[in-house]
Amino acid sequence: MLLATLFESGVKIEHYMVLATALFVIGVFGVLYRKNAIILLMCIELMLNAVNLLLVAFSTYFGQADGQLFVFFIMVVAAAEATVGLSILVLLYRNTRSTDIRLFNKLKN
Amino acid sequence: MDALLIVFASGLISLFAAFAKKPWLVVGSAMAGLLAAIIVIIGQLQTGKAFFDFLTYEGLAFDQGALLFSLAICVLSLLIIGIGYERFKENPEHTGEYIGLLMFSATGAMIMTAYTDMFMFFLGLEILSIPIYVMAGSNKADVRSSEASLKYFLTGSFATGIFLFGLAWVYGATGTFKLIEIQMKIQEMETLSPILMIGVLLIMASFIFKVGAAPFHFWSPDVYDGAPPAVTGFMASVVKMAAFYAFLKMFSVCFGLGELMDFWNGALVVMIIITLFVGNLSALRQVKFKRLLAYSSITHVGYTLLLFVSQLDFNYSSPILWFYMFSYGFSIVGIIAVAIAVNDSEDRIDGLKGLGKRNPFLAIVGIVSLLSLAGIPPTSGFFAKYVLFSSAWASASWLVIIALINSGISIYYYLKVIVTIASPAEQEQEKIKLSPLTIAVMLVALVGTLGFSFILPLLY
């Protein structure tokens, strides 16, 4: 029923804005509150994907390709970031045998 | 554009030169590339014309400001490669990767100074940041180095996410990524749309994150402490310089007009006050040398942010930022070179005791650099602070008074370190021998710190 009304009225740009904001906020809260470093990485990816969604939505709304081009750059950079992040994690895992960020506290006074 | 390509190509060459297993070859090719880039930039500044005219791209414009900042980036990268060389003679493994990453990072910094659209800004930011995540963890045997790397990576990519989200909103409000077109679109608006305001706030938050100002400064002491000293020097000088110039350009071109400027300026003023007090009061009770430097750099970020609230010089062609960041970079290079030469694994401030007896030259370099950080008159740090504060005085005099009070507080902890350097050690310690390259780098840093202020009249 709800889906049917949504399709009849058409999905507007506002819906994309709300969805992207919701995804982004989920990502931010994940980064702030989760303790597992791999989940932190996934939350950062979620934030970037929320941005991608928003950019594509605006790009279609304006009828120009700039936003969609930007999405490709974000994807490439996100892949590079994930590579570096996972290798850093492997390095730390060798020392602590865990990915819990609470164990990484050697740098406090 | 030529200098950019030269730095990138010599980074690639030094990466492949590592196969020869000779550290001097890697470091030599990187240094030769940076020297060539410096010469090309100076030539372009003199003649106003690039060596290869046909190499242009509309997303990058090497105007005078970009050239000056690229020059500073090349000089400081050269010095930092010089002070890091000793480590590779002892442990030649991974020299190529380290130097190559440093050169790529410098390339990203140069892109960030010359961008004219958001594509190039974003790519420059990431080319600058991703190598540094790796470099911060380059000391693989040390857990603290890996931990610094992870912390820098998480905060850095989090800040990138926030920046992109803000950028998406700005794109939604204006429909373009080019700086000039964003400016025109914002000027045409009758009332500011809330979408644009959200975007500007998010971009400013990511900027505050990247340069390490309060309330988003918590990562920088840990990262500065854990990373290898030469990388700390690179982060404190080159990265800050590029980030500040890039954001100064973005905020002055796109968001620096009328109502929108008042909107974000209010938030920034509060952040400057917090940054100054947090940086200084935390620095007072540090016992570790690199942590002290981290908090001192937070304070310096606070001073530099005054430029964003000064109505007079808030444009990206103003030489004040260049002068401030360059003189700050020289003193950071000097002090980091001293820290590397002392080679104290505990990294305590007390470890500097008796330095005057162990090596008088080191003590002089350390003292002059600290005086410059504190802003005591004969050094260029004083003149840089003076021009910065006097340009902010007209629009925000009460903020300058707060900054001056903080300047007074900061003299206490810099003087404490100077007194430690000058005081005799409890037991006899062996003398420190310096390699010719280290001495050359220190001499350049010393001359830069003492004589750089003579350049100031030429800029006006």
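Predicted model: local features only at pLDDT ≥ 70, side-chain atom pairs only at ≥ 80, totals over all residues.
**View 1. Chain B as a whole.** Residues are numbered from 1 along each chain as its sequence is written, and chains are lettered from A, with ligands numbered from 1, in the order in which they are written. Chain B has 19 helices and zero strands; helices here are DSSP runs of H or I with at least four residues, strands are runs of E with at least two, and numbering starts at the N terminus. Its radius of gyration is 21 Å, close to the 23 Å from the globule rule for 460 residues, so chain B is as compact as a globular protein of that length. That radius is taken over C-alpha atoms, and the rule is 2.2 Å times the number of residues to the power 0.38. Along the principal axes, the C-alpha atoms of chain B fill a box of roughly 75 × 50 × 45 Å. Take the contacts in chain B with a separation of 6 or more: 80% of them are between residues 24 or more positions apart, a contact being two C-beta atoms, placed from the backbone, within 7 Å.

View 2. A nonpolar core is a set of buried Ala, Val, Leu, Ile, Met, Phe, Trp, Tyr and Cys residues joined through C-beta atoms within 7 Å. The largest one has 204 residues, and Val7(B), Ala72(B), Ile73(B), Cys74(B), Ala242(B) and Ala337(B) have the most contacts inside it. Helix α13 of chain B (residues 319-342) gives the most to this core, with 18 residues. Zoom in on Ala242(B) and, leaving aside neighbours within four places in sequence, you find it in contact with Ile73(B), Ala109(B), Met112(B), Thr113(B) and Leu128(B).

View 3. Ile132(B) sits in helix α5 of chain B and is buried, with 25 other C-beta atoms within 10 Å. Beyond four places in sequence, Ile132(B) is in contact with Ser105(B), Tyr152(B), Met235(B) and Val239(B). Val231(B) is 99 residues from Ile132(B) in sequence, but their C-alpha atoms are 7.8 Å apart. Leu260(B) belongs to helix α11 (residues 258-283) and counts as partly exposed, with 19 C-beta neighbours inside 10 Å. Its contacts, again leaving aside neighbours within four places, are Ile186(B), Leu192(B), Val200(B) and Phe255(B). From Leu260(B) to Thr420(B), 160 residues apart along the chain, the C-alpha separation is 48 Å.

**View 4. Where chain B touches chain A.** Here 32 residues of chain B are in contact with 31 residues of chain A. On the chain B side, α5 (118-136), α6 (143-174) and α9 (219-226) each supply at least two residues, and α6(B) gives the most, with 17 residues. By class, this side of chain B has 17 nonpolar, nine polar and six charged residues. For that tally, Ala, Val, Leu, Ile, Met, Phe, Trp, Tyr, Cys and Pro count as nonpolar, Asp, Glu, Lys and Arg as charged, and the others, Gly among them, as polar.

**View 5. Chain A and its annotated spans.** Chain A has four helices and zero strands. With a radius of gyration of 18 Å, well over the 13 Å that the globule rule gives for 109 residues, chain A is more spread out than a compact globule. Its C-alpha trace spans about 55 × 30 × 25 Å along the principal axes, and 28% of its 109 residues count as buried. An unreviewed UniProt entry annotates residues 15-33, 40-63 and 69-93 of chain A as "transmembrane region"; positions follow the numbering used here, feature names are shortened, and annotations may be inferred rather than shown by experiment. Residues 15-33 of chain A are 100% helix and 0% strand, with end C-alpha atoms 27 Å apart. The span 69-93 of chain A is also 100% helix and 0% strand, and its end C-alpha atoms lie 36 Å apart.

View 6. Most residues other than glycine have a negative phi, and most peptide bonds are trans. The bond from Ala214(B) to Pro215(B) is cis, with omega near 5 degrees, and Pro215(B) lies in the loop between α8 (194-211) and α9 of chain B. Arg97(A), in the segment after α4 (66-96) of chain A, has a positive phi near 60 degrees. Arg97(A) is exposed, with 8 other C-beta atoms within 10 Å.

Technical notes:
Buried ≥ 20, exposed ≤ 12 C-beta atoms within 10 Å, placed from the backbone.
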